[in-house]
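Dear colleague,

Please find below the structure that I am handing over to you. My notes on what was found in it follow directly after it.

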Amino acid sequence: ARPPAAPAEAPRRGEVFLFPTPGDPSAPDGRVVPPAGVPLLDYEVELAYVLLADIDLNDRPTREDFLEQTAFFVANDMTDREAIVMQAAFSGPGTGFVEAKGQPTFLPAGPWVVRGTELFAALEACGAGGLGIRLEVDEGAGFAVRQDATTEAMIVEPLALLDQIAGQIASVGRHTTMPVERSNGTRHYPFAVQEAGGSSSFLPAGSIVVTGTPEGVAMQAPNVAGVVARGLLRLRGPFEQFRQEELARAANGEAGGYLAAGDRVRASIDGLGTQLFEVAEAGSPISGVFCE
């Protein structure tokens, strides 16, 4: 499988932003194994699709052709929130998203993959306005709902994401605007797009686009004024203060908070099946299948 092409993150001021995830899909019934030193492990159930044909970003398909050339599935965009907070910026999205999400086992996918034409024909035939999308977590006392919405609430529809990808590439090139400091200078994470000659670009068949998640993730939006004030009292910047507070939440095992070893996650989208996986101890071997 090719790396995911350009997942869209949860809404920020009514918009979405795009970034690449350098990782492969993992089993929907396996184990999520965070690297050592990941205390703020979060979940994000999302509608995702894989391209069944190359998509020319300068000649994007109609809706009918798009549905014929894609197949949809459930994805869980697992996230190391500490990496995001540590590299946050006031001027816009920080650089931590790629590192936060691009770890092995951090994209449970499936169990079913359904061609877009079949999925949306069934949706229209059943008279539904959107696909139900739901995530539950069992911390040891049974499953509790964390996310429960429909795809009607999506900020940007799946086909429109291609327009956003094309627009960003036309504006700044085949890379994100998120700078990364390396030994040889400032670099930018590239998108997994290919050149088709001249200024034309295309997403190759096999690329995956992850569309975004409903509200209800473990990391909650902070009260900015409160975080700033508490940080000033401790001689900390606001991002560091927020990080310390989130670390304390995780260490206290707050109910409804970040995932810990032994937690079970069950996620589903109407028509695309249900995935069930367990969170393993950080740094464990990446192997094995989880059975309920």
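Predicted model: local features only at pLDDT ≥ 70, side-chain atom pairs only at ≥ 80, totals over all residues.

Pro 39 touches Glu 82, Leu 247, Ala 250 and Tyr 258, leaving aside residues up to four places away in sequence; contact here means heavy atoms within 4.5 Å. Pro 39 sits in the loop between strand 1 (31–32) and strand 2 (41–42). Helices (H or I, at least four residues) and strands (E, at least two) are DSSP runs, numbered from the N terminus. With a relative accessible area of 31%, Pro 39 is partly exposed.

Residues are numbered from 1 along each chain as its sequence is written, and side-chain values use heavy atoms, with hydrogens and water left out.

Is Glu 82 buried or exposed? At 11% relative accessibility, Glu 82 counts as buried. Apart from residues up to four places away in sequence, Glu 82 touches Gly 37, Pro 39, Leu 40, Arg 243 and Leu 247.

For the chain as a whole, there are seven helices and 16 strands. Of the 292 residues in the chain, 48% are buried. Among contacts with a separation of 6 or more, 71% are between residues 24 or more positions apart.

Asp 138 belongs to strand 8 (residues 132–138), and its relative accessible area of 7% makes it buried. Its C-alpha atom is separated by 6.4 Å from that of Val 265, 127 residues apart along the chain. Leaving aside residues up to four places away in sequence, Asp 138 touches Phe 143, Gly 262, Asp 263 and Arg 264.

Next come two helices. The axes of helix 6 (residues 224–233) and helix 7 (residues 238–251) come within 8 Å and cross at roughly 95°. Axes are lines fitted to C-alpha atoms, for helices over the stretch in contact, and angles run from 0 to 180 degrees between N-to-C directions. Helix 6 and helix 7 are therefore roughly perpendicular to each other; that term covers angles of 65 to 115 degrees, while under 35 counts as roughly parallel, over 145 as roughly antiparallel and the rest as oblique. Helix 6 contributes Val 227, Val 228, Arg 230 and Gly 231 to the contact, and helix 7 contributes Pro 238, Gln 241, Phe 242 and Glu 245. By class, this contact of helix 6 with helix 7 has four nonpolar, two polar and two charged residues. Ala, Val, Leu, Ile, Met, Phe, Trp, Tyr, Cys and Pro count as nonpolar, Asp, Glu, Lys and Arg as charged, and the others, Gly among them, as polar.

Asn 223 lies in the loop between strand 14 (208–210) and helix 6. Asn 223 is exposed, with a relative accessible area of 55%. The C-alpha atoms of Asn 223 and Phe 242 are separated by 9.6 Å, and the two residues are 19 residues apart along the chain.

A cis peptide bond joins Gly 110 and Pro 111, with omega at about 25°. Thr 105, a residue other than glycine, has a positive phi, near 75°. Thr 105 counts as buried, at 9% relative accessibility.

Yours sincerely,
A colleague

Note on methods. Buried < 20%, exposed > 50% of the residue type's maximum accessible area, 1.4 Å probe, protein only.
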